[in-house]
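User: I am new to this structure and would like to learn how to read its features. Could you please guide me through them?

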Amino acid sequence: MEQSPSENTHSKGPDAAPNAATADAKKTRRGRPLGDSDAREALLETARELFANRPYRTVTLREVARYAGVDAALVRYYFGGKAGLFEAMMRETLAPVLDALRKAGADTTTAGQLPAAQQQAEHLMQTYYRIMARHPHLPRLVFRILNEGDDLEPFAILSRVFADVVQASDSWLKQALLLPGQFDQNVNPQFARLSFISLMVFPLVAPPLILRRLGISINPDTLAALAGHNSRLFSQGVFTPPESAADQNTSGENLK
């Protein structure tokens, strides 16, 4: 007799934390045939649960389809195969973050405005945290695959996905942060990019022991407050204060 994803993860070691969400979703779908409009989303939802709690190589398309309550042929119809399913899951989960980065990078109306840049930073963090709050296991899945790299297929997929994210974030940083008179000349731009990513990502992959010792519980309210805190922290650390930027511009004009 086959077990549900949450039941089956008990025997899969440290990478397979029990997850009741998939079992609940399976019970909800049982006896209710899914139409095409629901099938694709059900497959993505189930894939997120399975890939987050199990090593990539142990997840099969048949069990994804079975737990999603759809015909196995639909997996190949929608995604082409396991790699396509995994990539679609990652891209569609991160799509709101990528869209927000691209819009921020293309927004020339706020160029040079420090408060606007701070608002963009907070909006980007809020968007990321809101998505991850709905899929709390995803950051650890990404962290595990990118650090271990033992499964070549998922590593290659994540590398492609995050290449797009990094490219979009670089465009935003160049547009919003690296403008003359706005970026603190004492700050290393490469380190600033790393700091921004670290402030967004670390709270969601921090060891539970550290969070407990700090008295922090990661939940939607905490993440919303943290987005504002981290954006202010980042902005005050890498931006030139408005009055200083004005002084720099005035000095530059006097030298002409």
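This is a predicted model: local features need pLDDT of at least 70, side-chain atom pairs count only at pLDDT 80 or more; totals for chains, interfaces and linings use all residues.

User: How many residues does the chain have, and what percentage of them count as buried?

Analyst: The chain has 256 residues, and 43% of these count as buried. Its accessible surface comes to about 13,900 Å², with 55% belonging to carbon and sulfur atoms.

User: Is threonine 127 buried or exposed?

Analyst: A residue is called buried when its relative accessible area is under 20%. Threonine 127 has 3% relative accessibility and therefore counts as buried. This residue lies in helix 7, residues 114–134. Its side chain reaches the backbone oxygen of histidine 123 at 2.8 Å. Leaving aside residues up to four places away in sequence, threonine 127 touches Pro96, Val97 and Ala100.

User: Which residues form a nonpolar patch on the surface?

Analyst: The patch consists of Phe202, Ile210, Leu214, Ile216 and Ile218, which together have about 430 Å² of accessible area. Isoleucine 216 is located in the loop between helix 11 (208–214) and helix 12 (220–238).

User: Where does UniProt place the feature "DNA-binding region"?

Analyst: An unreviewed UniProt entry places that feature at residues 60–79. In the model, this span is 75% helix and 0% strand, and its end C-alpha atoms lie 14 Å apart.

Note on methods: Residues are numbered from 1 along each chain as its sequence is written. Side-chain values use heavy atoms; hydrogens and water are left out. UniProt positions are given in the numbering used here, feature names are shortened, and annotations may be inferred rather than shown by experiment. Helices (H or I, at least four residues) and strands (E, at least two) are DSSP runs, numbered from the N terminus. Patches are made of residues with over 30% relative accessible area and no salt bridge: like charges are joined within 9 Å, nonpolar side chains (Val, Leu, Ile, Met, Phe, Trp, Tyr) within 5 Å. Accessible areas come from the Shrake-Rupley method with a 1.4 Å probe; for residues, only the protein chains shown count as cover. A salt bridge is a side-chain nitrogen of Lys or Arg within 4 Å of a carboxyl oxygen of Asp or Glu. Buried means under 20% relative accessible area, exposed over 50%, partly exposed in between (1.4 Å probe, protein chains only). A polar contact is a pair of N or O atoms within 3.5 Å; within protein, one must be able to donate a hydrogen and the other to accept it, and residues adjacent in sequence count only if both atoms are side-chain atoms. Contact means heavy atoms within 4.5 Å.
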